[in-house]
Amino acid sequence: MASVDQSHATRSTDEHFKRRMSLQAAMFIGVGGQIGSGWLFAVLSAAGIAGPSALISWLIGGALTMLIALAWMEVGTAIPVSGAIVRYPYLSNGGLAGWIMGLSYWLANISLPAIEAVASLTYLGGLFPQLGLLTTRDGVSMLSWPRGILLGIALMLVFLAINLFGVKLLSEANRWVTWWKIIIPVATFLLLFLTFDGDNLTSYGFFGDEQHGGPGAMLEAVAVSGIAFALMGFRGVIDFGGEVKRPSRNIPLGTIGCVLIPLGIYLGLQLAFLGAINWADAGVVPGDWVGLANSPWAEGPLAAALHASGYAALGAFVSMLLLDAILSPGAAGYIYLGSGARVGYGLAVNKFFPQIMTRVNRHGVPAVSAIVSFGIGCLFFLPAPSWYRLVGFISSALVLSTLAASVALVVMRRTAPSLRRPFRLPAAGFLAPLGFAAATLIIYWCGFVTLYNLVTVLLGGMAVYAVFFSCQRGWTRRGPAVVLASVFLACWAYVTGSSGFLLAPEDVTTPDGSWPVPHVLVMAALCAGFLTALHLMSPPEGRQHLRGGHWLVFLLLMLLGVSAIGEYGPATPVLAFPMDSIAALAVGVLAYFWAVATGFRTPEMSELEDDKC
């Protein structure tokens with residue numbers, strides 16, 4: 001394997017990658033990831049939360065995703081490098097922001113192959129229960145042990161093997177697979193229209209059932225039902241930026257295609273599924289939208305709708321759907337494993353991970369990083385191997401990482417004005433904060449429990465920043481840093497572990513109906529104490545890297561605090577919809593301008609600007 005010269009890591013590592021991807025191949029990397037498990041389950045998940053208003057949820061999700069993607073087009077073409085999404089926040093705001101953003105995106109990417117494997121086996125196990133691949137826990141179907149989980153790990157090994165043999169094999173294989181993945185979903189919703197019942201859209205509550213529905217549920221569906229999970233795949237073009245031909249043209253066009261093509265397909269699927277629901281066959285009282293998630297249809301909603309149609313031709317099409325239920329998530333799985341490998345590579349370039357993860361094999365693939373992504377990704381089979389349980393956390397982690405481009409665009413225009421920008425976003429002063437606000441709202445709509453778990457992992461990870469990154473840069477001594485990190489982690493683990501929210505179901509509530517605001521304040525106090533101590537231990541350069549990331553800690557804790565008393569919290573809301581979303585939006589705007597104000601010109605940014613100029 002080739003190694004890299006660490007003195008020029010930011011610039012020279014990408015020379016090992018080969019620009020072989022055409023526009024279609026790059027766009028299909030994104031589309032191939034987006035039309036994975038999402039198309040098999042998201043339509044039922046969204047309908048269960050929002051009822052027929054799920055159609056509006058998809059339109060809102062598409063509009064917000066496009067706003068988020070705009071900033072990525074400029075930074076992605078200016079610095080087209082592999083693993084780019086985790087490298088931009090470091091270049092614009094330094095180590096702490098780079099580490100938290102990078103950890104978020106890396107965790108999302110290494111867990112995605114697991115959720116795609118879960119999706120394939122859930123469909124297979126639902127149609128053939130005699131295989132023993134599924135079990136039921138708390139009313140939710142998930143992979144069984146050992147048969148289901150071990151078969152999931154075997155699928156992950158296949159994803160790894162495809163990635164290790166190079167981007168050319170990946171893109172060529174994905175091109176034909178993606179055409180299949182477009183044709184089958186389109187054929188599915190066209191066939192379902194033959195059984196369309198318009199009463200399902202008009203007679204049972206447009207915003208879902210009376211108890212759980214409403215406009216707030218429509219927005220919640222954007223975040224946790226799989227809508228954001230599916231549409232955020234546009235970033236696949238950015239992840240492979242170092243391997244795309246003519247990046248100044250193909251990255252913007254590929255990004256736009258990665259939003260519009262899947263959105264059109266998902267809208268067709270959602271409308272057709274809503275009209276095809278057979279309440280009696282699902283064993284659910286008509287209008288009980290929430291009940292769909294715990295019905296037999298949840299194991300394979302589209303296959304169930306085709307079977308219930310009564311048409312022989314539609315029932316026969318189920319065999320094609322089953323084949324696609326294996327192929328679509330499987331293809332998305334190997335794409336996401338490739339993305340995870342490049343994200344780990346990007347973190348290693350920034351010295352957050354060991355430098356061995358920057359090594360590439362003779363096929364131009366970061367093989368060590370791919371193997372690490374595979375190994376840690378397999379751990380996501382352990383807590384709750386269910387698509388419906390994993391999708392909310394993954395969505396929130398994905399969306400959080402997309403905040404980086406809006407900030408990086410504006411900061412880099414100030415700190416690297418001479419950097420060549422093949423695509424320059426017009427009205428960036430308006431569109432960049434708008435994209436940041438869009439991402440903030442999606443994160444907030446994920447709900448308190450999902451946000452709590454995300455905050456627990458990411459802010460607890462600041463201990464790793466102190467022990468490894470800060471010490472490696474010579475800003476802190478190893479001994480005091482280890483003591484500080486150990487004390488912080490022990491307190492953090494006790495506070496979060498005893499909360500009752502860690503790894504809890506989405507609908508968990510506080511036992512006495514009280515708001516968990518005091519608990520969030522304790523978490524904020526722990527973070528403030530840790531960052532203050534690390535600040536005092538660090539020289540001026542280290543302090544600048546800390547200041548550049550304080551806005552992100554503020555954003556996460558404030559969104560958690562608003563969620564604790566808002567529409568999606570564990571108790572009766574103090575801030576009901578839409579006031580809670582307005583409060584979250586205000587937090588996002590404040591965090592954005594804080595992030596821009598504390599961005600600075602990192603040495604690596606200077607090196608890149610000199611090289612690109």
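The legends below describe close-up views of a predicted model.

**View 1. Overall fold of the chain in the predicted model.** The chain contains 28 helices and two strands, and buried residues account for 63% of its 613 residues. Among the contacts in the chain with a separation of 6 or more, 83% are between residues 24 or more positions apart.

**View 2. The largest nonpolar core and its most connected members.** This core comprises 211 residues, of which I100, I442, W445, L459, M462 and W551 touch the most other members. Helix α6, spanning residues 95–127, supplies the largest share of the core, with 20 residues. In soluble globular proteins, nonpolar side chains tend to be buried together.

**View 3. The surroundings of I442, one of the residues that touch the most other members of the largest nonpolar core.** When neighbours within four places in sequence are left aside, I442 is in contact with L64 and I68, with V222, A223, A228 and M232, and with V399.

**View 4. The buried residues of helix α18 and the helices they pack against.** In α18, which covers residues 367–377, the buried residues are A367, V368, S369, A370, S373, F374 and G377. These buried residues pack against α6, against α7 (147–164) and against α17 (318–349).

**View 5. The packing of helix α13 with helix α15.** The axes of α13 (residues 247–276) and α15 (residues 301–308) come within 10 Å and cross at roughly 45 degrees, an angle which means that α13 is oblique to α15. The crossing of these two helices is left-handed. On the α13 side the contact is made by L269, F273 and A276, which meet P301, L302 and A305 of α15; by class, the residues of this contact are six nonpolar, with no polar and no charged residues.

**View 6. The packing of helix α21 with helix α24.** Helix α21 (residues 448–460) packs with helix α24 (residues 517–537) at an angle of about 20 degrees, their axes being 12 Å apart; because angles under 35 degrees count as roughly parallel, α21 is described as roughly parallel to α24. The crossing of α21 and α24 is left-handed. From α21, the residues F448, Y452, V455, T456 and L459 meet H519, V520, M523 and C527 of α24, and this contact divides into seven nonpolar, two polar and no charged residues. L459, which belongs to this contact, is also one of the residues that touch the most other members of the largest nonpolar core.

Definitions and conventions
Residues numbered from 1 in each chain as written. Predicted model: local features only at pLDDT ≥ 70, side-chain atom pairs only at ≥ 80, totals over all residues. Heavy atoms only, no water. Axes fitted to C-alpha atoms, helices over the stretch in contact; angles between N-to-C directions. Helix = DSSP H or I, 4+ residues; strand = E, 2+ residues; numbered from the N terminus. Parallel < 35°, antiparallel > 145°, perpendicular 65-115°, else oblique. Left-handed = near helix turned anticlockwise from the far one by under 90°. Contact = heavy atoms within 4.5 Å. Nonpolar A, V, L, I, M, F, W, Y, C, P; charged D, E, K, R; others polar. Core = buried A, V, L, I, M, F, W, Y, C linked by side-chain atoms within 4.5 Å. Buried < 20%, exposed > 50% of the residue type's maximum accessible area, 1.4 Å probe, protein only.
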